[in-house]
Every structure is written in structure tokens, then in C-alpha cells.
Amino acid sequence: MFDHKIQFHLSTGLFSLLMFLLMVTAFFPGQMSPDTIGQLTEAKNGCFSDLHPPIMAASWSLLLHVWKNPGILFGVHNLIYWLSWYLLALLSSEKWEKQFFVLFIALLPPLLAQTIVLWKDTQLTLTITGAYLFGILVLRTHQKTPGFKSHKKIIFTGVFLFFFFYSAAVRENAFPALIPLTLFMITNLVKKIALFRAVLLGLFLSAAGLAATYFFNYGILHASRSEGYQVIEIYDVMGVFAARGNEDLIPPYWKKLNRGATPETLKRNYNPISVIPLIFWGETPVKLTTDRNYLDELNKKWIFALSHYPADYLQHRWNVFKSLLGVGLEQPYYPFHFGIVPNPYNLRNLGDPSLREFFQNYFILFMNTVFFRGWFYMAVLLVVLGFCWFK
């Protein structure tokens, strides 16, 4: 494994460079949602909140010291994306045809579309890809492949750990994505390790990444706490309430913080496809709070809902998961974000309109295909796992 030499081909390098330039030219300074503008505000102010990943705002803040244009993060995203895929292509084969096949994977809309928007989801994709890339390089040096000097192993390991930590820090739900990454490294570095021990070690290392994130957010960046877990509890309580209609489930403080939050408006805001209408964008949304008394009140209602109506809770959670899988949906949930929302920084699209329209049409062409259905990737994953298991 990984015993072939790296063979550089000018054609694959030029293709990667061309795609980088095209994406930057089309979408600069990057597409931005309200979440993005919130992150930018924190980056400019240097005051961070855990409502969004503090590490993204902190890294953006550092980049703004290099160039004050917020589009610098967009440029860095695309540079990392195409450089990572180019290096992965080089590692995949000595033949340029197979290298192009790997680069064409990078053109798939579910991956490429993420590079146009400045989101934490984008950074998770980039850092997971980078972690696998440098993980492979670590394995190559570990096997003492000809052409690699031993000191490079230290550099590659350091970059791998950086991407690993960043992946853990940039999404609260990164844990499931880190486990296969750690298993990949463990089973290749430690020969003849028992599967059970490898899984336990993988879980431990993944949890260590999340623990390091906790220390980084609150010990180093001193991020303020938004008590983000309340979003899950609000969603679950509303899921049960929508099924049962029992108004005793509704915490009284919801009405105190927003008098328009009546049972009727709450039901209209509830949607198992997304929690956003219920809390952020919908009619009379439920207000988030950091008041300990209100949070305790919510927690009691959440426990009451789960203990008294477990079947309705499980039905709500299944409906949420089913929407993520794309089962029974005519159109997948919010696959793209085009445009820059109104903002106090007067940011607008500066890219070439014709080129931007071309890529947007390309993305939309695939919008309702299996490429945007979660069940498709779960099926592919099961096939790959089955192949590896029997092999």
C-alpha cells in the first residue's frame, strides 16, 4: 500500500489551478448567509461565541490581518480544496488518466458547491479531506517509502493533527466523521491490532479531539456560552407537541420572551426538515436564552416529553433523520446557498456574472439527483465497508 512513487503531470496540475481560478473568479468574495455575517462580525470584533464554531471566526480574524478583504477566507478555502484534491490525485496513481478521475470526484456538486459559500460545513469538508491526505502521507513515511526523508514524517504528522483538531472544533457533530478517520490511521499504523481495540482507541482519540476543542474554545478564546444544546431540546419538545397537542409541554418562558409564540404559531413554525423556521427565521420564533431558570424549565419539559411520549419522540426523530436521508422528499433540504444576504459591510458579489451563472446552473442540474440524497452515501458506505471486511 502506498508503495508507488509520486508522478507529477503538468496536465492535472494545470487543471487544478484552472478550477481554482474559475471558482474564485465566479464567486468572490464568497456566498454568505446570515450565519456567515455573524461569523464575520465576531472575526472583526475579536469576541467569540459558541453559537457558531469559535475557531472559524478566530481563523478568519487572523486572515483579516493579512488582507482586510473578507474574501480572503473564500480564497483560502478554494486553495486548500484544489491543492488537497490535486495531491490526493498524485497519491492515487502514476497515470494521468487515473489522476484526472480523482479530480473529477472533486467536481461533484455536493463537494464543489460547498466551496462557494463561507460556512462551517465547508471548513469541515476541507479539513477532513486534508486530514486524510496528510494521514496517507504519514503512512507513506511510516513505511519508509523511497523518496521520502524521515524528518518529513514529523511535518506530515503535525499537519495531520492540525486538520484533525480543526475538524473536531469546526462542527459540534464532527464526532461521527472523526471515528473512521482514526480507524483508518490506527489499522494502517498498528499492524495486526484487534478490531475491538482499534474501535476503542478510535473512539478515545475522537473524544480527545472534542475535549481539546472544549479547552480551545473556553480556555484560550474565552468564547461566551450560548447553551446551544437548548436548540435540540426545543426541537424535540415541539416535535412531541406537534403530534400530541398537549399545551402542558410548552415551557411558559417561550411566551414571556416572545408574546406571539402561541400554540398555533409554534405548530406552523415546526418542520421536521429543519429547525431553522422554529428558532431563527419563522413567524414568532422561539427565543434562545442563557437564563439558567429558563433553561432548567426547558430541560424539565424535555424530560417530560421523552418520558411520557417516547413513541412520539422517536417518530419526530425518525422524521428528522428521514429528511436528512432524502427519503420521501421531492427536493433535498437547502442544497445550495447563492448570493450574499444584506449586511452592514456592504459586501456583494464581485465575480463574473456569466461564469457564476454557469456554475449555478451546473449545481442546480444535479439538485434532485441521488448526489444530494443521504441514503445514497449510506449505501455506498455499506458497500465499501462490506468490501473491506471480506477483503
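Student: How many cavities of 30 Å³ or more does a search of the whole structure find?

Tutor: One. Keep in mind that this is a predicted model, where local features need pLDDT of at least 70, side-chain atom pairs count only at pLDDT 80 or more, and totals for chains, interfaces and linings use all residues. Residues are numbered from 1 along each chain as its sequence is written, and side-chain values use heavy atoms, leaving out hydrogens and water.

Student: What makes something a cavity?

Tutor: On a 1 Å grid over the protein atoms alone, it's a set of points where a 1.4 Å probe fits but cannot get out. The largest cavity has a volume of about 50 Å³, that is, the space filled by probe spheres set on the points, which are joined across faces, edges and corners.

Student: Which residues line the largest cavity?

Tutor: Asp35, Thr36, Gln39, His52, Pro53, Leu118, Trp119 and Lys120. Lining residues have an atom within 4 Å of a point. Helix H2 (residues 34-45) gives the most, with three residues; a helix here is a DSSP run of H or I, at least four residues, numbered from the N terminus.

Student: Why are H11 and H16 called roughly perpendicular?

Tutor: Helix H11 (residues 229-244) and helix H16 (residues 310-325) pack at about 115°, with axes 9 Å apart. Axes are lines fitted to C-alpha atoms over the stretch in contact, and angles run from 0 to 180 degrees between N-to-C directions. Angles of 65 to 115 degrees count as roughly perpendicular, so H11 and H16 get that name.

Student: Which residues of H16 make the contact?

Tutor: Asp312, Tyr313, His316, Arg317 and Val320, where contact means heavy atoms within 4.5 Å.

Notes:
On a 1 Å grid over the protein atoms alone, a cavity is a set of points where a 1.4 Å probe fits but cannot get out, and a pocket is an open set with protein on both sides within 12 Å along at least five of seven lines; lining residues have an atom within 4 Å of a point. Helices (H or I, at least four residues) and strands (E, at least two) are DSSP runs, numbered from the N terminus. Angles under 35 degrees count as roughly parallel, over 145 as roughly antiparallel, 65 to 115 as roughly perpendicular and the rest as oblique.
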